[in-house]
Amino acid sequence: MAEPDAFAEYLTGYSGILADASATGRRLTRAELDSRRVLGERAAEAGLGLRAMVAAHMAETRAHRPTGNGISVDAVLAVAAQALDAFAEGYERAQRDAVRQEEAARREFVDDLLYGRSDLGLLAQRAERYGLRLSHAHAVAVASGRTGYDDGDPVPREVERALIGRFGDRSILLTTKDGRMVCIAPGHHDDVLAHFAKHAHAATDGGQVAIGRAHTGPAGVVQSYEEALNALDLAERLDLTESVLHASDLLVYPVLTRDRQAMADLVASVLGPLRQARGGAGPLLETLTAYFDAGCVAAEAARRLSLSVRALTYRLDRVRQLTGADPADPVQRYTLQTAVIGARLLDWPAKPL
C-alpha cells in the first residue's frame with residue numbers, strides 16, 4: 001500500500017470541487033470532469049491501485065466535507081460520486097490502452113520470432129520478457145481446429161489454463177497465429193508439448209496438432225514452427241487422421257517432394273496409363289491408396305471402399321494391366337506406392353503435373 005502522501009498529486013483540486021459544487025448542488029462541469037479523468041489516467045500509469053485511490057478520495061471527502069448551511073450529506077456524496085466516476089473512467093481508459101499496447105508488442109514479437117525477422121540479439125532480449133531463452137533449444141507445436149482462433153478466444157484461454165495449471169509458466173509461450181494455436185516450449189520438455197497436444201485436440205473438438213523437432217536459437221524456433229506447419233499441410237493432402245503428428249515421423253515426405261519434377265515424372269510414367277480406364281484415373285488411384293493404407297490386405301481395403309473383395313481384386317488387376325506393375329509384387333509395389341504418395345502430394349489427377 002502506498003503512503004497517503006503518494007496520493008496527494010492525484011487528488012489535486014478535489015477538495016475545491018467538492019466545496020464549490022456541494023454548496024450549490026450543481027453537477028460538475030466538463031472541465032472539472034476532464035481534470036478528474038486526466039488524474040485517473042496518471043494514477044494508472046503510475047501503477048497505483050484503483051481501490052487505494054477510491055479509499056484516498058473517500059478519506060479526502062471526510063477530511064474536507066463542506067459543513068455550511070444548507071449543504072446536505074446527499075449533495076456532498078453526489079459530487080464525490082461524479083468525481084470518482086470520472087476518475088475511474090480515466091483510470092480504466094489508461095489500463096485499456098496499456099493492455100492494447102502490451103498485446104501489440106506481444107503480437108509483434110511473435111511475428112518477428114516465427115518469421116525470423118528483427119535483429120537476433122534484440123530478439124533474444126525481447127524473448128526474455130516472455131520467459132524464453134533463445135540460446136537454448138525449443139520446439140513448436142501448432143494446433144488447428146474447425147475455426148480460427150485469436151489470443152482472447154475461450155479455446156486458447158482454456159488450453160493456457162491447462163498448461164499453467166500443470167507446469168506453471170516454465171518458459172512456455174502460448175499464442176495464436178493465422179487462426180491456429182501455437183505453443184513454444186523448451187526442447188527437452190516433451191511433456192509440455194504432449195500436454196498441449198492433448199488439451200488442444202480436446203478443446204478444438206477433434207482438431208489436429210503437429211509438433212516440430214527441437215532446434216537451437218531463434219532460427220531453430222522458425223524451423224520447428226515451419227516443420228509443424230508442413231506436417232499439418234501433409235496431413236491435409238494425404239488425409240492423415242492422427243490427432244497428433246510429429247514432424248520427425250514425416251521426414252520421408254519432404255524428401256520425396258524435394259525434387260518436384262522428378263516426382264512428377266514418376267507419377268506421369270507409372271500412373272499416367274490409369275487415365276485410360278473408364279471413369280479416368282481417380283477410382284483406380286483411390287483403390288491403390290486404400291490398398292496400401294490397409295497394409296495390402298484386400299479384405300480391409302474392400303471394407304474401407306465399401307466394395308466386395310472380388311470388385312477390389314478386379315480393380316487391382318486392371319491397374320496391373322494398364323501400368324504393367326503388379327501391386328501384389330513386393331518389388332513393383334514399392335514403385336507403385338511411391339507414385340501414389342507422389343500423386344497425393346501433387347494433387348494429381350485433379351491438377352496437371
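This is a predicted model: local features need pLDDT of at least 70, side-chain atom pairs count only at pLDDT 80 or more; totals for chains, interfaces and linings use all residues.
1. What is buried in α7? The buried residues are V192, L193, H195, F196, A197, A200 and A203. They pack against the strands β1 (137-144), β2, β3, β4 (208-211) and β6 (244-246), and against helix α6. After α7 comes D205, with a positive phi near 60°.

2. Now take α6, residues 154-167. The helix has 14 residues, which at 1.5 Å each should span 20 Å; the distance between its end C-alpha atoms is 20 Å, so the two agree.

3. The buried residues of α6 are V155, P156, V159, A162, L163 and F167. Seen down the helix axis, they fall within an arc of 125°, so they line one face of α6. That face packs against β2 (173-177), β3 (180-186) and α7 (190-203). On the other side of α6, P154, R161 and G165 are exposed. Just after the helix, G168 has a positive phi of about 70°.

4. Next, the largest pocket. Its volume is about 300 Å³. It is lined by 17 residues, and the closest to its centre are E226, E227, N230, L251 and P254.

5. Which helix gives the most to this lining? α8 does, with 8 residues. Both α8 (217-238) and α9 (252-257) supply at least two residues each. By type, the lining divides into 8 nonpolar, 3 polar and 6 charged residues.

6. Some backbone angles deserve a look. Most residues other than glycine have a negative phi, and most peptide bonds are trans. C296 is not a glycine, yet its phi is positive, about 65°. C296 sits in the loop between α11 (281-293) and α12 (298-305). Its relative accessible area is 21%, so C296 counts as partly exposed.

7. D347 also calls for a check. Its phi is positive, near 55°, and D347 is a residue other than glycine. D347 lies in the segment after α14. At 35% relative accessibility, D347 is partly exposed.

8. Last, a peptide bond. The bond joining W348 and P349 is cis, with omega about 10°. Where is P349 found? P349 is in the segment after α14 (330-346).

Note on methods:
Residues are numbered from 1 along each chain as its sequence is written. Side-chain values use heavy atoms; hydrogens and water are left out. On a 1 Å grid over the protein atoms alone, a cavity is a set of points where a 1.4 Å probe fits but cannot get out, and a pocket is an open set with protein on both sides within 12 Å along at least five of seven lines; lining residues have an atom within 4 Å of a point. Grid points are joined across faces, edges and corners, and a volume is the space filled by probe spheres set on the points. Helices (H or I, at least four residues) and strands (E, at least two) are DSSP runs, numbered from the N terminus. Ala, Val, Leu, Ile, Met, Phe, Trp, Tyr, Cys and Pro count as nonpolar, Asp, Glu, Lys and Arg as charged, and the others, Gly among them, as polar. The expected span of a helix is 1.5 Å times one less than its number of residues. Buried means under 20% relative accessible area, exposed over 50%, partly exposed in between (1.4 Å probe, protein chains only). The arc is that of the directions from the helix axis to the C-beta atoms. Contact means heavy atoms within 4.5 Å.
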